[in-house]
Amino acid sequence: MADLKALADAVIKGDQNTAMEITKAALAEGTAPKSVLDDGLIAGMDVIGARFKKNEVYIPEVLIAARAMKMAMEILEPELAKAGVEPVGRFLIGTVQGDLHDIGKNLVAMMLKGAGFEVIDLGVDVGAEKFVEQVKTAGVHVVGMSALLTTTMPGMEKTLKALRDADVAAKIIVGGAPVTQDYADKIGADGYAPDAASAVDVAKSLVA
Ligand code: B1M
């Protein structure tokens, strides 16, 4: 019987080889792909997310854990698709127009994937029109916008207005170093998260 607790531990330690081996072994012996995902990989990333929030681990540990999860996911994904397992939700993310910072945005994307979301990453310098076009075509549940510059924050308000004007049902989350809950409230966002682990919590609550 595959040890999914050991799989979670391998993700927590960022041990990609062990994570891949256990994933392969679990599938070979008939463990349900959804169980490998929920009880192994996501369980491990949940622990990393909680520790990151409490400042018990830092960005490098999160990136290493996310990398181990990603490697195991490459083995697991085809089996999840065969089994018809749906993602928790579809999340569209991008850094707003004029802004080239992507380290935090990438971290948010990794943590969301770690929590079972399908993530569409539009990259950096994303204009309102592109957000709207993608939300309309990709069946998105949550839109996430990141900004690191006070000068690009108004791009969030502009994009949010364009999304509301386009009458899309997707919920909208904003974040990034200069962004605050007050600002999110002021522009009418559905959610704000100060860090990547909180972004996962907010996204989960919005799709629940
Ligand atoms: Co720039 N930069 N930068 N920069 N840069 C800052 C942001 C700055 C604070 C530095 C400073 O002056 N002290 C300052 C902004 C000042 C301001 O507006 N308040 C600044 C500036 C001015 C600039 C330029 C204008 C500099 C210039 O050219 N004169 C220029 C702008 C370029 C542009 O975007 N058009 C510029 C360029 C760059 C680099 C390209 C050199 C590089 C970016 C590389 C990259 O991202 N690929 C860079 C960097 C690295 C920084 C600092 C040093 C680090 C940012 C970072 O990655 N932090 C930064 C100073 C600092 O923060 N110490 C600075 C780590 C990252 C994990 O944190 O992105 O905050 P962060 O993400 C967090 C949370 O904010 C949150 O979760 C993450 C982790 O938990 N989060 C979200 C982020 N997005 C979220 C979305 C969510 C939810 C949570 O929901 C969707």
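User: Which residues touch the most other members in the largest nonpolar core?
Analyst: L41, M69, L76, F91 and L112, out of 46 residues. A nonpolar core here is a set of buried Ala, Val, Leu, Ile, Met, Phe, Trp, Tyr and Cys residues joined through side-chain atoms within 4.5 Å; buried means under 20% relative accessible area, with a 1.4 Å probe and protein chains only. This is a predicted model, where local features need pLDDT of at least 70, side-chain atom pairs count only at pLDDT 80 or more, and totals for chains, interfaces and linings use all residues. Side-chain values use heavy atoms, leaving out hydrogens and water, and residues are numbered from 1 along each chain as its sequence is written.

User: Which helix gives the largest share of this core?
Analyst: Helix 4, with nine residues. Helices are DSSP runs of H or I with at least four residues, strands are E runs of at least two, and both are numbered from the N terminus.

User: And what is L76 in contact with, beyond four places in sequence?
Analyst: T23, L27, P33, V36, L37 and L41. Contact means heavy atoms within 4.5 Å.

User: New topic: which protein donor does the cobalt atom of the ligand have?
Analyst: A single one, H101 (NE2), 2.2 Å away. Donors are N, O and S atoms within 2.8 Å of the metal (3.2 Å for Na, K and Ca); water is not among the atoms, so sites may look incomplete.

User: Where is H101 found?
Analyst: In the loop between strand 1 and helix 5.

User: Is T31 buried or exposed?
Analyst: Buried, because its relative accessibility is 14%. T31 lies in the loop between helix 2 (16–28) and helix 3 (33–53).

Definitions and conventions:
Buried means under 20% relative accessible area, exposed over 50%, partly exposed in between (1.4 Å probe, protein chains only).
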